[in-house]
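Me: I would like to learn how to read a protein model, one feature at a time. Can we work through an example together?

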Amino acid sequence: MEKKILIVEDEQDLREVLKTALVEVGFSVIIAKGGEEVLPAIRRERPDLVILDIMLPGVDGMMVLKKIRERGLRVPVIILTNLSADEKIMGGVLRDEPSYYMVKSDSPIEDIIAKVKITLGI
Amino acid sequence: MKQQGFDIDYHSLFDHMIEGCQIIDQDFRYLYVNEAVVKQSRHTKEELLGRTMMEAYPGIENTEMFTHLRFCMEKHEPQQMENEFTFPNGSKGWFTVLMEPIPKGIFVLSLDITERKRVEKDLEDAKVAARNVIEDLAEEKERAQEFARELEKFKLVVAGVSEHIIITDPDGVILFVNPAAERITGFTRNEILGKKSGAKELWGGLMDKEFYRRLWQTVKVEKQSFSGEIKNHRKNGEEYYAHTTISPILDGRGEVEFFVAIERDITKEKEIDKAKSEFVSLASHQLRTPLTTINWYSEMLLGREITKSIERQEEYLEKIHVGSQRMVTLVNALLDVSRIELGTLQIELKSVDITILLREVINEQKLQIAEKKIKINTNFPEHVPVLRTDSNRVRMVLQNLLANAVKYNVPGGRINISISSDEKTEMFIAFSDTGYGIPRKDHDKIFTKMFRADNIKEKGTDGTGLGLYIVKSVLAALGGTIRFESEENKGTTFFIVFPLSK
């Protein structure tokens with residue numbers, strides 16, 4: 001069965017390119033445009049992995065991740081952001097967390113796909 | 001010596017006179033001298049009587065007094081003179097000498113006036129001194145006037161400069177303040193004078209203790225000039241940045257007599273610096289998304305993992321093209337923002353027919369309008385006053401507003417553009433759309449740089465967040481204004497007002 005990935009991204013162009021790439025390599029993709037849509041989407045669609053942007057309108061990505069874990073959801077998360085990896089920004093959330101942290105402009109699309117596959121054990 | 005009728009002892013009489021009395025014969029030989037002569041002459045009676053004047057005073061024949069004596073002797077005319085006489089021992093004395101010819105000789109009456117002469121001389125000296133003092137005073141007055149004139153010039157210069165200048169005593173108590181300091185700080189002269197420089201009640205107190213300690217150490221202890229950037233506050237509480245230079249003025253003994261502090265308000269420069277760095281961060285942030293998009297699509301074209309059917313390749317190329325177009329738009333908008341913020345936006349006034357301009361702008365965007373099946377309705381009166389403005393800048397404003405009305409409209413929606421004017425002072429242009437509208441909570445933010453309302457972001461429309469900021473700033477530079485009315489899911493109307501020049 002093909003794995004399902006939830007992309008949380010407010011920039012339409014980036015959502016599109018990520019979706020295109022992931023669909024091309026055989027994943028099924030669902031979309032959330034803002035922080036509020038994430039929890040309902042996880043409950044409804046049961047994705048195998050979440051690609052999460054940090055700078056989102058309304059509820060930001062870090063708050064979303066905190067809420068996901070508070071609800072006891074163990075879905076793996078790849079944080080894909082423009083912010084640089086900074087302990088202060090991460091606030092320690094990632095320490096015992098099955099997640100990756102990637103900076104958009106530093107990450108080739110194939111690295112992102114590779115990371116998705118590793119996380120899903122493919 | 002006796003005279004008939006009186007029994008007078010002439011010797012005794014003469015001897016009691018303070019005037020010297022002497023009788024000399026034709027050979028200038030002393031026949032008689034009284035006691036006063038003895039006192040005046042520094043000779044005893046014996047040394048004089050029977051001897052000639054030339055014997056008693058060698059060289060006397062060359063004196064002016066002797067000339068008078070000889071004249072008196074030869075012409076038998078009385079003589080009177082004041083004479084400074086030099087005695088053989090070198091001492092001098094002043095005498096009034098009266099020479100009275102008598103048969104075969106001269107009766108000489110002499111009065112010692114040395115003391116009177118001395119007093120006279122002192123008096124003369126005093127007069128000279130007084131005259132000198134008066135002259136000195138006049139010079140002093142002249143110098144003081146010159147100094148006052150110089151000071152006046154100095155004050156004019158100090159009053160004219162835009163730098164804040166104060167002069168304090170060695171404890172920092174303010175003695176002088178120039179008008180620029182009043183202007184910059186907002187405090188009046190009277191509020192400033194007599195207070196301590198850097199005091200909280202004035203403009204100071206915002207820097208940490210270490211800064212003030214270092215400042216005083218430099219100017220007071222090391223007696224060196226201090227320069228630095230300082231944060232102050234104006235009387236109204238507003239904070240400002242100044243570049244300050246404080247110099248000690250030393251007296252003759254090398255002690256601090258005054259401090260002169262010159263400050264330049266650099267708040268504006270700081271703001272420009274901030275705008276510059278904000279611009280860099282804004283530019284890099286805004287450009288990242290299209291750059292990342294272009295990167296990922298081109299990687300997909302070049303990589304091995306992702307399928308590359310011809311259709312797919314064309315699609316990716318199309319996306320790359322859209323991304324780079326977006327970057328061009330963005331870079332142009334960012335350049336406009338930078339011109340606005342650095343104050344280098346050029347305004348070139350020309351006569352502008354706004355209806356022609358609007359029709360051109362509508363024509364430019366007819367593709368986008370047609371694509372969304374939007375109906376444009378224009379309401380332009382036959383006669384529209386000519387605007388005196390910058391046509392390129394106005395075009396920029398109209399392009400932005402029309403693009404927004406299209407972009408944030410529903411497919412098949414309407415746009416209404418109308419022009420009206422009071423023919424005298426103002427012209428109004430209204431852009432109405434039937435689009436998504438602006439959420440009430442965002443009404444006060446939409447002209448803010450980089451702001452995009454959540455509802456349009458969720459709709460997936462692209463935008464820089466710069467358009468309305470540019471519109472408002474450009475309009476302000478042209479003397480115009482903008483306001484809007486909006487209701488979410490019903491639409492928005494922007495109203496522009498342009499001033500009409502007479």
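The dialogue below goes through chain B, from overall figures to sheets, strands and charged pairs.

Me: What kind of model is this?

Reply: It is a predicted model.

Me: How many helices and strands does chain B have?

Reply: Chain B has 16 helices and 17 strands. Of its 502 residues, 39% are buried. The accessible surface is about 29000 Å², and carbon and sulfur atoms account for 54% of that.

Me: How many bridges join E1 to E5 in chain B?

Reply: Six bridges join strand E1 (residues 20–25) to strand E5 (residues 105–112) of chain B, and the two run antiparallel. As one case, B:Ile24 has B:Ile106 in E5(B) as its bridge partner.

Me: Which residues make the nonpolar surface patch of about 300 Å²?

Reply: B:Phe147, B:Leu151 and B:Phe154 make that patch. B:Phe154 is placed in helix H6 of chain B and is partly exposed, with a relative accessible area of 42%.

Me: How do I read the side chains along a strand, and which ones in E16 of chain B are buried?

Reply: In a regular strand, side chains alternate between the two faces of the sheet. Along strand E16 (residues 481–487) of chain B, B:Ile482, B:Phe484 and B:Ser486 point to one face and are buried.

Me: Which strand pairs with E16(B) over seven bridges?

Reply: Strand E17 (residues 491–499) of chain B does, in the antiparallel sense. B:Arg483 stands opposite B:Phe495 in E17(B). The hairpin has three residues between the strands, and B:Asn489 takes a positive phi near 65 degrees there.

Me: How do I read a salt bridge, and what is the count over all chains?

Reply: Side chains of opposite charge can pair when their charged atoms come close. The count over all chains is 40 salt bridges. In one of them, B:Asp336 pairs with B:Arg339, with the closest N and O atoms 3.1 Å apart. Both residues lie in helix H11 (residues 310–342) of chain B, three residues apart, about one turn of the helix.

Me: Is B:Asp336 buried or exposed?

Reply: B:Asp336 counts as buried because its relative accessibility is 13%, under the 20% cut-off. B:Arg339 is partly exposed at 32%.

Me: Where do B:Arg395 and B:Glu364 lie?

Reply: These two residues form a salt bridge, the closest N and O atoms being 3.0 Å apart. B:Arg395 lies in helix H14 (residues 391–407) and B:Glu364 in helix H12 (residues 354–364) of chain B, so the pair ties together parts 31 residues apart in sequence.

Conventions
Residues numbered from 1 in each chain as written. Chains lettered and ligands numbered in written order. Predicted model: local features only at pLDDT ≥ 70, side-chain atom pairs only at ≥ 80, totals over all residues. Heavy atoms only, no water. Pairing = 2+ DSSP bridges. Helix = DSSP H or I, 4+ residues; strand = E, 2+ residues; numbered from the N terminus. Buried < 20%, exposed > 50% of the residue type's maximum accessible area, 1.4 Å probe, protein only. Areas by Shrake-Rupley, 256 points an atom, 1.4 Å probe, with all protein chains shown as cover. Patch = residues over 30% accessible without salt bridge, like charges linked within 9 Å, V, L, I, M, F, W, Y side chains within 5 Å. Salt bridge = Lys/Arg side-chain N within 4 Å of Asp/Glu carboxyl O.
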